[in-house]
Amino acid sequence: MITSDQLKEIQERTAALYKYLDIEKKKVEYEEENLRTQDPDFWNDTKTAEEQMKKVKGIKKWLDGYAEVRTAADELQLAFDFYHDDEMVSEAEVEAGYQRAITAIEALELKNMLRQKEDPMDCVLKINSGAGGTESQDWAQMLMRMYMRWAESHGHKVTVSNLQDGDEAGIKSVTMEIEGGEYAYGYLKSENGVHRLVRVSPFNAQGKRMTSFASVFVSPLVDDTIEVFVDPSKVSWDLFRSGGAGGQNVNKVETGVRLRYQYIDPETGEEEEILIENTESRKQLENRNNAMRLLKSQLYDRAMKKRLEAQAKIEAGKKKIEWGSQIRSYVFDDRRVKDHRTNYQTTDVDGVMDGEIDDFIKAYLMEFPVNDEN
């Protein structure tokens, strides 16, 4: 049975959310922004209209989220009172009400930490196997499955835009677009970095303990509402025949595209080639369009990270996050997965590999909050 202190904590956290989220201000904003959509000429400019609708829906989600928390907290208070007055409800019902309230509160508290303007966006997630051949390629495929399971459980659609199979098993690399749902980039940005696996190798006849590495890169997936400049003079294309599944047409016709972009760092002047391959569709034009979207996402991501780096230099005391550093170890024999940035760890290795990584994400967001609303 929950205690009066636990009930008090629920009410205090609910009140704190009301203050932090400035619910009264959001109610006024919602009314004002929603009123703009009633204009008879609202849909004359489709792009502007879609942006406005997105803004209205965004505010409403905050209001709905808080309403769910408030309702859960009030229902828990009633259940608690009824149980102690004349046991009109059971102890199990009070416990269930407490779990509903705490779940709703934690979900909204976590969402409140996603203040970077890119956080609500869809994302591109790329996995590259490290040195080590089959071992690392198998590990990269395991990570691919882990993120696909996470995405599916959170209502996201996953599209594999490019995949390179391993030599004997696993994959060399994969690029996945994770869309739909909510806050795909906001949550998965915590996965940027090198992931280390330690296990007894199934590919080693002596049963030796092996260490494998794979790198994960996550960037916001831009859409048509975001303007990203691409210099056409720095773009070149290669065509090739897509391999793997897809039927005879894919293998005989050059539908795969390889986009090369000569990127020049605006600060250092250094030149670097960005290479993007896309084999998602049987139609070359669709692959070209998607490759260009992925390029824009990369360019946007680079500009965003430069902005955050500049902001971090200005804001003294902020912890620096190294995007490419080793972030997490998965030690199968010891039944342990540990994040080296937050020190959060769990013994539920099977659950993690099935996509249950929300606790790692939450620990990261609490350790490295980014407020980038303005």
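Reader: How much of the protein counts as buried, and what makes a residue buried here?
Author: This is a predicted model. Of its 374 residues, 43% count as buried.

Reader: What share of the contacts joins residues 24 or more positions apart?
Author: Among contacts with a separation of 6 or more, such residues account for 66%. A contact here needs heavy atoms within 4.5 Å.

Reader: How many helices and strands are there, and what does the C-alpha trace span?
Author: The protein has 10 helices and 11 strands. Along the principal axes, its C-alpha trace spans about 75 × 70 × 50 Å.

Reader: Why are H1 and H3 called roughly antiparallel?
Author: Take the angle. Helix H1 covers residues 4-20 and helix H3 residues 46-86, and their axes cross at roughly 155°. Angles over 145 degrees count as roughly antiparallel, so H1 and H3 are roughly antiparallel to each other. Their axes come within 10 Å. The crossing is left-handed.

Reader: Which residues bring H1 and H3 together?
Author: From H1 come Ser 4, Leu 7, Ile 10, Gln 11, Thr 14, Leu 17 and Tyr 18. They meet Tyr 66, Val 69, Arg 70, Ala 73, Leu 76, Gln 77 and Phe 80 in H3. By class, this contact holds 9 nonpolar residues, 4 polar and 1 charged.

Reader: What makes S6 and S8 edge strands?
Author: Look at the order. The open sheet has 3 strands, arranged S6-S7-S8 with antiparallel pairing. Strand S6 (235-240) and strand S8 (271-278) each pair on one side only. That puts both at the edge. From one strand to the next, the twist averages 20°.

Reader: How do you know that S7 and S8 pair?
Author: Count the bridges. Two strands pair if at least two bridges are found between them. Strand S7 (residues 256-264) is joined to S8 by 8 bridges, and the two run antiparallel. In this pairing, Arg 258 stands opposite Glu 277 in S8.

Reader: Which strands pair with S4, and in what sense?
Author: Strand S5 (residues 209-220) pairs with S4 (residues 193-200) in the antiparallel sense, over 8 bridges. Strand S9 (residues 326-331) pairs with S4 in the parallel sense, over 5 bridges.

Reader: Where does His 195 find its partners?
Author: In S5, His 195 stands opposite Ala 214. In S9, its bridge partner is Arg 328.

Notes: Residues numbered from 1 in each chain as written. Predicted model: local features only at pLDDT ≥ 70, side-chain atom pairs only at ≥ 80, totals over all residues. Heavy atoms only, no water. Axes fitted to C-alpha atoms, helices over the stretch in contact; angles between N-to-C directions. Helix = DSSP H or I, 4+ residues; strand = E, 2+ residues; numbered from the N terminus. Parallel < 35°, antiparallel > 145°, perpendicular 65-115°, else oblique. Left-handed = near helix turned anticlockwise from the far one by under 90°. Nonpolar A, V, L, I, M, F, W, Y, C, P; charged D, E, K, R; others polar. Buried < 20%, exposed > 50% of the residue type's maximum accessible area, 1.4 Å probe, protein only.
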